[in-house]
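Subject: Structure handover

Hi,

Here is the structure I promised to pass on. Please open it next to this email and follow along.

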Number of protein chains: 6
Amino acid sequence: MTASHRPSGRSPEQLREVRLTRQYTKHAEGSVLVEFGDTRVLCTASIEEKVPGFLKGKGQGWLTAEYGMLPRSTHTRMDREAAKGKQSGRTQEIQRLIGRALRAAFDLEAFGERTLQLDCDVLQADGGTRTAAITGAMVAAYDAFAGLKSQGLIEAIPVKHFVAAISVGVFKGVPVLDLDYPEDSDCDTDMNVVMTDAGHFVEVQGTAEGAAFDRATLNALLDLAQQGIATLNGLQRQALGL
Amino acid sequence: MTASHRPSGRSPEQLREVRLTRQYTKHAEGSVLVEFGDTRVLCTASIEEKVPGFLKGKGQGWLTAEYGMLPRSTHTRMDREAAKGKQSGRTQEIQRLIGRALRAAFDLEAFGERTLQLDCDVLQADGGTRTAAITGAMVAAYDAFAGLKSQGLIEAIPVKHFVAAISVGVFKGVPVLDLDYPEDSDCDTDMNVVMTDAGHFVEVQGTAEGAAFDRATLNALLDLAQQGIATLNGLQRQALGL
Amino acid sequence: MTASHRPSGRSPEQLREVRLTRQYTKHAEGSVLVEFGDTRVLCTASIEEKVPGFLKGKGQGWLTAEYGMLPRSTHTRMDREAAKGKQSGRTQEIQRLIGRALRAAFDLEAFGERTLQLDCDVLQADGGTRTAAITGAMVAAYDAFAGLKSQGLIEAIPVKHFVAAISVGVFKGVPVLDLDYPEDSDCDTDMNVVMTDAGHFVEVQGTAEGAAFDRATLNALLDLAQQGIATLNGLQRQALGL
Amino acid sequence: MTASHRPSGRSPEQLREVRLTRQYTKHAEGSVLVEFGDTRVLCTASIEEKVPGFLKGKGQGWLTAEYGMLPRSTHTRMDREAAKGKQSGRTQEIQRLIGRALRAAFDLEAFGERTLQLDCDVLQADGGTRTAAITGAMVAAYDAFAGLKSQGLIEAIPVKHFVAAISVGVFKGVPVLDLDYPEDSDCDTDMNVVMTDAGHFVEVQGTAEGAAFDRATLNALLDLAQQGIATLNGLQRQALGL
Amino acid sequence: MTASHRPSGRSPEQLREVRLTRQYTKHAEGSVLVEFGDTRVLCTASIEEKVPGFLKGKGQGWLTAEYGMLPRSTHTRMDREAAKGKQSGRTQEIQRLIGRALRAAFDLEAFGERTLQLDCDVLQADGGTRTAAITGAMVAAYDAFAGLKSQGLIEAIPVKHFVAAISVGVFKGVPVLDLDYPEDSDCDTDMNVVMTDAGHFVEVQGTAEGAAFDRATLNALLDLAQQGIATLNGLQRQALGL
Amino acid sequence: MTASHRPSGRSPEQLREVRLTRQYTKHAEGSVLVEFGDTRVLCTASIEEKVPGFLKGKGQGWLTAEYGMLPRSTHTRMDREAAKGKQSGRTQEIQRLIGRALRAAFDLEAFGERTLQLDCDVLQADGGTRTAAITGAMVAAYDAFAGLKSQGLIEAIPVKHFVAAISVGVFKGVPVLDLDYPEDSDCDTDMNVVMTDAGHFVEVQGTAEGAAFDRATLNALLDLAQQGIATLNGLQRQALGL
């Protein structure tokens with residue numbers, strides 16, 4: 001048996017321990033604490049009885065997401081975005097990604113003129129906050145729609161696919177699944193993948209942090225991601241009792 | 001035995017259940033989840049090896065605080081301050097209060113040219129978030145200073161007093177301790193009190209929400225507060241094993 | 001006869017000279033220059049024929065306040081808030097206080113769907129600007145409502161109480177009334193009190209600047225404040241010819 | 001004798017009553033209330049012992065200006081720029097004009113590495129606030145430099161010219177001097193002129209509000225302005241006792 | 001023949017080569033690249049089927065302008081205003097000037113409840129960007145209105161006058177027309193003039209950069225401007241085939 | 001021969017006409033107008049003799065990028081970001097992408113403590129502005145470095161790879177190269193790919209606009225991109241005369 005080259009001792013294709021805790025807070029229609037190892041993100045789903053201006057009167061709904069990190073969720077304290085008066089480019093990029101990913105999961109025409117607002121707030125960061133956020137937001141959104149259904153406001157939960165997300169990367173020359181912070185800050189290639197439970201891609205975002213990467217590496221990374229996401233889809237269903 | 005007039009069934013002088021969980025997150029030098037019933041605030045204390053410009057070269061330290069609410073910590077979702085691009089007047093008022101309260105607790109001249117940065121983020125709101133924040137921040141700050149001491153960077157924990165805070169108010173004509181949200185939104189007078197473990201006042205902030213209040217009522221409220229804060233001081237020491 | 005310990009030579013319970021000059025500017029419905037010694041604040045009251053969104057169609061009015069300091073109202077020039085692009089936390093705290101205090105003075109349901117907008121701008125600061133502002137704004141607001149009445153738009157001036165405000169503090173160990181700047185910048189405890197002419201409290205905001213203060217001190221300060229506010233109420237009525 | 005066509009009854013070449021009150025407030029190095037009829041502007045001059053970055057180490061000084069209107073200085077209340085979070089284009093245009101005008105009055109190389117900061121705040125507006133501001137700021141700046149001289153920090157008051165400013169315009173077909181608000185809001189051409197006491201131009205800013213104007217009109221307006229500014233220069237010297 | 005004293009070798013009354021290229025971009029209703037020598041400004045005119053709030057329901061149109069410089073249109077890179085989060089005072093001053101100038105050219109009551117939005121973006125700056133912008137925007141606006149006419153939405157192009165603009169100044173003691181950057185940064189007096197094709201003034205903005213200037217100089221500068229603008233009006237008509 | 005299914009009549013693997021015009025403006029160290037059909041982006045490269053704070057004293061350089069669209073570069077006018085006071089999430093996402101892509105092209109340790117600042121401004125948009133920007137910025141940056149070399153400030157142009165970018169997508173069921181606006185607004189999958197001239201990936205960003213896509217589609221798209229980028233690399237070298 002060979003020792004792992006990963007700081008955590010995980011094998012290359014091994015996820016961190018993933019936990020999905022529903023009803024973590026009491027006010028939101030859906031509220032899930034998602035943990036990928038030491039990464040902890042609180043995902044809340046709020047139903048609002050209105051849609052943005054560009055959709056008014058069209059009879060369909062909307063889904064959007066916001067993302068934030070608590071100032072000391074990280075190794076060294078980050079400035080509070082509310083105090084600085086603006087969200088960073090990174091924050092906006094991530095919240096746009098979460099929104100697109102989740103809009104792929106639900107049928108926007110099947111829940112009336114309502115907005116599902118997701119808030120993904122990082123309580124503790126250890127790499128992979130955006131992929132944890134997407135994976136947890138899926139469950140929170142499902143719960144919020146289930147609430148609408150149980151109130152008789154919609155006939156069925158308007159889910160099209162379960163989506164989940166995972167990061168993959170090349171760490172010390174080896175493709176690995178679900179990078180934690182020590183890996184993330186020292187890897188050559190970093191890719192975030194969002195897939196459906198049918199094994200199809202919703203988002204693929206790969207960046208060569210150091211050297212550019214070749215097609216074979218890309219393929220190896222996508223193989224890892226596909227396998228990891230299948231596991232995450234199972235955990236989502238299990239958390240929801242489906 | 002008479003039934004309580006409070007929605008929670010508490011007696012007028014009864015605190016909610018208070019919990020102080022240390023080391024709630026792993027990166028911050030001090031990290032405390034404080035719960036006053038369903039109100040949950042994450043208080044982190046970060047040590048930064050610098051001071052604001054107006055203190056540079058003076059050989060003393062600084063302590064400051066920021067406060068935020070997660071968008072769905074409340075009954076209906078609030079706009080995210082980072083997305084709006086500014087902190088509300090309420091937020092600024094509260095974070096200034098927390099900073100003043102905690103500066104009264106520690107000797108700023110006894111920990112070198114460092115800043116203790118407190119972040120109080122509300123995960124779930126049910127009334128009394130600012131008083132919970134002050135009470136929890138005291139413990140987080142103590143832990144952060146204890147860390148400096150255990151590294152040999154300071155000789156003693158520079159604590160002058162333990163401070164804690166509680167709200168009091170007149171609910172349905174009766175002075176009560178530690179208002180929860182149903183009481184807070186329907187009370188006549190609302191007062192937040194910060195005191196030291198010596199029973200002295202650091203802050204008294206009383207507001208007549210409906211009718212103006214008389215001196216006797218003020219006195220009754222202060223009596224309740226003094227008793228509640230003594231209990232909180234005991235819980236702080238117990239949490240710290242002192 | 002003992003010499004005063006106060007820089008101004010006043011006795012501990014002595015107000016500065018207070019002047020209330022009505023119709024100081026010509027456009028506003030109410031316009032009062034209030035002077036507490038060298039502190040001068042221009043308070044204007046504007047009637048606007050609209051209410052904020054949350055009150056539309058409810059048949060009641062609103063009252064709100066804004067506060068500002070001219071950049072060189074102070075000993076050393078302060079940055080202009082309009083140029084910095086934001087109001088400081090202190091500014092927001094004060095304008096929220098003024099608004100709450102004056103909403104306690106008038107019956108919001110008795111002047112139709114109108115907004116009374118108060119603007120309190122400090123021309124010269126020498127301590128106690130917020131208490132002067134509240135005291136002057138009361139008169140400006142009264143004048144503005146009197147104008148509505150004389151136009152036949154309301155039947156009676158919707159005043160519930162006269163409110164006034166004063167600061168009290170512990171200066172060189174002695175409780176004193178109406179702190180001026182030299183006292184304010186060197187005192188141990190600073191408290192702002194807003195009361196009605198019935199002697200009831202609208203706001204009590206006390207802060208231990210140096211050492212925490214005990215209950216006896218608090219009581220002495222409140223006694224001073226109560227007496228000072230009674231005097232101010234008299235001056236308000238006298239200015240209005242009531 | 002013919003009746004005036006001007007709402008105020010003034011003859012076309014007649015200024016409003018102009019008053020320059022020095023030492024209007026006590027903290028600023030120069031503080032002048034300037035009144036052009038009902039237009040009242042408080043001009044303060046502050047000396048700061050620093051220069052902007054682009055002048056550091058060059059041994060010369062700087063002079064700059066800011067302008068503001070109190071929210072209810074006008075007929076209907078204007079939004080407070082500090083609350084809106086930005087200065088309007090008009091405000092910026094005016095404060096840039098004041099700065100350029102006053103930089104023409106003083107020798108920036110003759111008062112060391114200091115900044116003369118002018119603040120012109122409109123207490124009551126009735127037309128011509130920018131020209132009143134320039135005229136008053138000249139006196140406030142002179143006073144501030146006189147203070148530096150009396151402290152022995154500079155050898156002479158670094159004045160090159162006295163500058164003053166006046167508006168001229170075509171009202172009901174007739175060129176008139178010093179437009180008040182009723183004229184300003186109903187004139188065809190509006191021109192602001194800044195001149196030195198030597199009769200030279202520092203700024204000429206003419207705008208055709210309605211119909212474009214011809215060269216003869218321009219000449220008539222400049223004649224009026226030249227005469228008005230000579231009067232203002234006399235009043236400035238008289239106010240300063242020169 | 002004497003050599004020119006101008007860096008470009010031009011005679012004092014000589015314009016730079018002026019080019020007006022219509023349909024420079026394809027989406028805008030009017031799109032003109034205007035070049036005054038090396039100064040290049042892209043002027044687009046957009047028709048929007050709405051008017052600002054203060055004009056709603058009045059049956060008339062509006063015309064407004066915005067101005068910007070690409071960050072590296074200048075010798076040294078300027079900060080991008082969008083990234084800084086605000087437009088400079090200079091930018092606002094210029095776009096207000098462009099708007100006023102063009103509103104003098106068209107009959108706002110003759111094109112319905114529409115807004116003509118002008119955007120003047122400097123691709124390359126070499127002095128005179130605001131005068132080039134006005135001159136080019138006139139042609140772009142004309143084209144946009146011609147489009148409305150050809151669609152049958154208005155009966156006639158609502159032009160009142162052709163307006164154009166030019167700078168004049170005193171360079172090395174000599175009045176010159178159309179300052180380029182080397183002249184602009186080293187001149188004593190700088191004036192921007194906007195005139196109609198009838199030879200009337202719309203705007204005159206003269207600034208003494210160094211010494212104040214006398215009436216004779218002002219007259220010489222206006223003579224130059226009048227002649228230059230007549231040439232520009234001819235080029236505008238020629239570009240439009242009128 | 002079958003007719004194309006693309007609105008432009010192109011075959012699926014056909015690029016639009018690509019033009020790279022160097023020295024498009026005169027001030028910047030590198031200035032390239034890049035055109036992908038009707039998409040036109042002005043890319044300037046500025047050398048600044050400083051680095052951001054986090055790199056000071058480390059002896060290495062930095063490269064960063066900003067992106068903007070002229071308000072009427074698009075079919076309907078967009079609000080000007082400078083006037084709105086903030087850059088959109090999309091803008092920030094794109095400028096971050098351009099920066100990462102170009103940092104992969106150059107050796108940041110080989111040109112001293114300097115910053116290469118890229119500005120990519122869209123004059124006309126017709127799909128693919130970000131890929132055109134990257135492709136053009138590569139040439140502008142090369143030119144800027146060539147200037148440093150010709151001044152003897154660096155010994156060699158610090159290029160590691162030529163990078164170029166192209167979009168690919170699934171339009172009406174068929175994978176196509178280089179989407180123009182009509183395709184972009186009606187495609188199922190949209191992917192932007194940045195590659196080096198060695199055929200390695202720098203960035204892969206794929207989004208399922210409608211249905212999620214499978215691995216075979218992903219592979220077909222990457223094949224198209226690889227071929228397109230090889231062509232673009234050739235055009236870059238040809239433009240530079242390499």
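In which sense do strand β2 and strand β3 of chain F pair, and over how many bridges? They pair in the antiparallel sense, over seven bridges. Strand β2(F) covers residues 30–36, and β3(F) covers residues 39–48. Find Leu33(F) next: Leu42(F) in β3(F) stands opposite. One point before you read on: this is a predicted model.

**The sheet in chain F**

Now widen the view. Five strands form an open sheet in chain F. Their order is β1-β2-β3-β5-β4, and the pairing is mixed. Strands of a sheet pair through backbone hydrogen bonds, either parallel or antiparallel. Which strands stand at the edges? They are β1 (18–22) and β4 (62–69) of chain F. Each has a single partner strand, so one side of each is left without a neighbour in the sheet. On average, neighbouring strands of this sheet are turned by 20 degrees against each other, direction ignored.

**Helices on the sheet**

Look at helix α2 of chain F, residues 89–103. Helix α2(F) lies across β4 and β5 (115–124) of chain F. Its angle to β4(F) is about 145 degrees. Helix α3 of chain F, residues 129–150, also packs on the sheet. This helix touches β1, β2, β3, β4 and β5 of chain F. Its direction makes about 35 degrees with that of β3(F).

**Where chains D and E meet**

Go to helix α5 in chain D and helix α5 in chain E, residues 215–240 in each. Their axes come within 13 Å and cross at roughly 160 degrees. An angle over 145 counts as roughly antiparallel, and α5(D) and α5(E) are therefore roughly antiparallel to each other. The crossing is right-handed. Residues that meet here include Arg215(D), Leu218(D) and Asp223(D) from α5(D), and Arg215(E), Leu218(E) and Asp223(E) from α5(E). The residues of this contact divide into four nonpolar, four polar and four charged.

No contact joins chain B and chain E. Their closest C-alpha atoms lie 11 Å apart. Chain C and chain F do not touch either, with nearest C-alpha atoms 11 Å apart.

**A record for chain A**

An unreviewed UniProt entry places the feature "domain: Exoribonuclease phosphorolytic" at residues 14–144 and 161–228 of chain A. In the model, residues 14–144 of chain A are 27% helix and 31% strand, with end C-alpha atoms 31 Å apart. Residues 161–228 of chain A are 26% helix and 43% strand, and the end C-alpha atoms lie 16 Å apart.

Best wishes

Note on methods
Residues are numbered from 1 along each chain as its sequence is written. Chains are lettered from A and ligands numbered from 1 in the order in which they are written. This is a predicted model: local features need pLDDT of at least 70, side-chain atom pairs count only at pLDDT 80 or more; totals for chains, interfaces and linings use all residues. Side-chain values use heavy atoms; hydrogens and water are left out. Axes are lines fitted to C-alpha atoms, for helices over the stretch in contact, and angles run from 0 to 180 degrees between N-to-C directions. Helices (H or I, at least four residues) and strands (E, at least two) are DSSP runs, numbered from the N terminus. Angles under 35 degrees count as roughly parallel, over 145 as roughly antiparallel, 65 to 115 as roughly perpendicular and the rest as oblique. A crossing is left-handed if the near helix is turned anticlockwise from the far one by less than a right angle, and right-handed if clockwise. Contact means heavy atoms within 4.5 Å. Ala, Val, Leu, Ile, Met, Phe, Trp, Tyr, Cys and Pro count as nonpolar, Asp, Glu, Lys and Arg as charged, and the others, Gly among them, as polar. Two strands pair if DSSP finds at least two bridges between them. UniProt positions are given in the numbering used here, feature names are shortened, and annotations may be inferred rather than shown by experiment.
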